Amino acid sequence: MASRPELKVDDEVGFIKFFRNLPDQDGDTVRIFDRGDWYTAHGEDAAFIARTVYKTTSVLRQLGRDPGLASVTLSITVFRNFLREALFRLGKRIEIWGTSGRMNWKVTKQASPGNLQDIEEDLGGQLESAPIILAVKVSAKASEARNVGVCFADASVRELGVSEFLDNDIYSNFESLLIQLGVKECLLQADGNKKDVELSKLRAVADNCGCAVSERSPADFGNRDIEQDLTRLLRDEKAAGTLPQTDLKLAMGSAAALIRYLGVMSDSSNFGQYQLYQHDLSQYMKLDASALKALNLMPGPKDGSKTMSLYGLLNHCKTPVGSRLLAQWLKQPLMSLEEIERRQQLVEAFVTDTELRQTMQEEHLRSIPDLYRLAKKFQRKIANLEDVVRAYQVAIRVPGFIGTLEGIMDERYKDPLDAEYTNKLREYSDSLGKLQEMVETTVDLDALDNHEFIIKPEFDDSLRIIRKKLDKLKHEMGVEHTKVGQDLNQDTDKKLFLENHKVHGWCFRLTRNEAGCIRNKKQYQECSTQKNGVFFTTTNLQTMRREFDQLSENYNRTQSGLVNEVVSVAASYCPVIEKLAGVLAHLDVIV
């Protein structure tokens, strides 16, 4: 276990009082407090984390006295592991509280198994499959078959799926839908005294398929505003009332509940961005939960090695979007012969042309980041210059894909490959050409080697002046680095590093084995100890660091207007990036 951060809280008394006055939460929600580069949890939540993460309550510490408040601390790594465990295995909801100054604690991020949007960054990106969240509403008359209406979404893509179907009394169609879609969270109407037999059955089916169940007030499932909400959300200008899907009354009630739960209407950047589509249960083979388990399609929580599931065995995808699509295809075996043969012909093309296949995997697909997440950051207006550069790096790689596909020798495969990939990629590449030009004229691509994402200094006079000062400081820090290296007799390439730490700014780092050499030396001040070594600084470096931070802040302030312009132009390419993601995911799975 990595070392736990020490429990140090400013104004203990105030925090304890604040915490004890928080409203009670249901047993499914865990509150975590963000303390900068570590986290804490308190009360019941602390005990829960001690049991699930640390597997012992000896890690609990008391904050304050008579009676103390049980508390536990988490490093960033432990916090991330806990998020995965809590959301993916235990079906919990998470609230992350942040503060801007003394005691202004408020919820800054919320997550549930079917809605990970706020914490995608904290999960470090690689999500095996996109979590789907689904709302369901049924009408069951004693004598007839049950009518089921659902609405579902992957919270990170602006699409709503709806479906309405008849079902039997054990809801087998509903079960196979949950499996086909890979649903992780299911919204049901709340049923206080658990009297409603149908809701209990739905709850049992969801449990059996490993979905977390969230109960919402029956009023949330009302259809009153749904048509006008959809009219505002959907891409096509026509009134939602003219869409055939709005006749699906139960599905529309589910849509109302889902839209409310995800808070879609409260973010105006969603307006005019959504698409509505109807999911047809019969186009895929029906699998129920026991078939899914018996066929070992997807990784189970207790799998020792990757190859214990069909997905683990087959997944040689090189992109996150590809891996997700493969998981989706495994749960959705095709029923149409024509569709099946179309897929097989594409696979055959890559089987017969080894060079084509290897170039695609090793050169092209490897270099593609998670495009859905990238598009999502632009949509949610949290993208920065680094994301623009990522989009640029994708744009300049598309012609490579096209060139390789154009080199196909075998005429038989040319048309199917053109139709599925090459023609679409040409179209997207043309659109992205303008993005590429913009980035090359405005962004300082040479600074990327130092992980700096900045506007070209030549672009603006005041930027040029600040850049010069920054370069001079960088040089002076280098001189200080050499001096400290000589004083401590440490190799400045292998043992003593000059690094820009995200909390302490520019400082020195010694590997943990060498850290002894600065103990008891007044001229070196330790900043923190981490897995990769001990961070420390000198009075000289601190002065330079302060100046560097101020200049960088000036640079960022001066460039922020320009950055915003560049980011918003790049954001207009979102639809192309999403379409490109779809084509590359398909290519990745077929390869």
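**Close-up views of a predicted protein model**

Figure 1. Helices (H or I, at least four residues) and strands (E, at least two) are DSSP runs, numbered from the N terminus. Axes are lines fitted to C-alpha atoms, for helices over the stretch in contact, and angles run from 0 to 180 degrees between N-to-C directions. The model is predicted: local features need pLDDT of at least 70, and side-chain atom pairs count only at pLDDT 80 or more, whereas totals for chains, interfaces and linings use all residues. Residues are numbered from 1 along each chain as its sequence is written, and side-chain values use heavy atoms, with hydrogens and water left out.

**Figure 2. Six strands form an open sheet with mixed pairing.** The strand order is β3-β4-β2-β1-β5-β6. Because β3 (61–63) and β6 (105–111) stand at the edges with a single partner strand each, one side of each has no neighbour in the sheet. From one strand to the next, the twist averages 40 degrees. Two strands pair if DSSP finds at least two bridges between them; β5 (residues 93–99) and β6 pair in the antiparallel sense over six bridges. Within this pair, I94 stands opposite A111 in β6. Helix α1 (residues 12–20) packs on the sheet and touches β1 (29–34), β2 (38–42), β3, β4 (69–75), β5 and β6. The direction of helix α1 makes about 100 degrees with that of β4. Contact means heavy atoms within 4.5 Å.

**Figure 3. Residue L330 is a buried part of helix α10.** Helix α10 spans residues 320–331. L330 counts as buried because its relative accessibility is 14%, the classes being buried under 20% relative accessible area, exposed over 50% and partly exposed in between (1.4 Å probe, protein chains only). Apart from neighbours within four places in sequence, L330 is in contact with L287, L297, M298, L310, Y311 and L314. The C-alpha atoms of L330 and Q393 are separated by 31 Å, and these residues are 63 apart along the chain.

**Figure 4. Helices and a strand contribute to the lining of the largest pocket.** The lining comprises 50 residues, of which K184, M298, P299, G300 and P301 lie nearest the centre of the pocket. Elements that each supply at least two lining residues include α4 (172–181), β10 (183–189) and α10. Helix α3 gives the most, with five residues.

Definitions and conventions: 1 Å grid on protein atoms, 1.4 Å probe; cavity = no way out; pocket = protein on both sides within 12 Å on 5 of 7 lines; lining within 4 Å.
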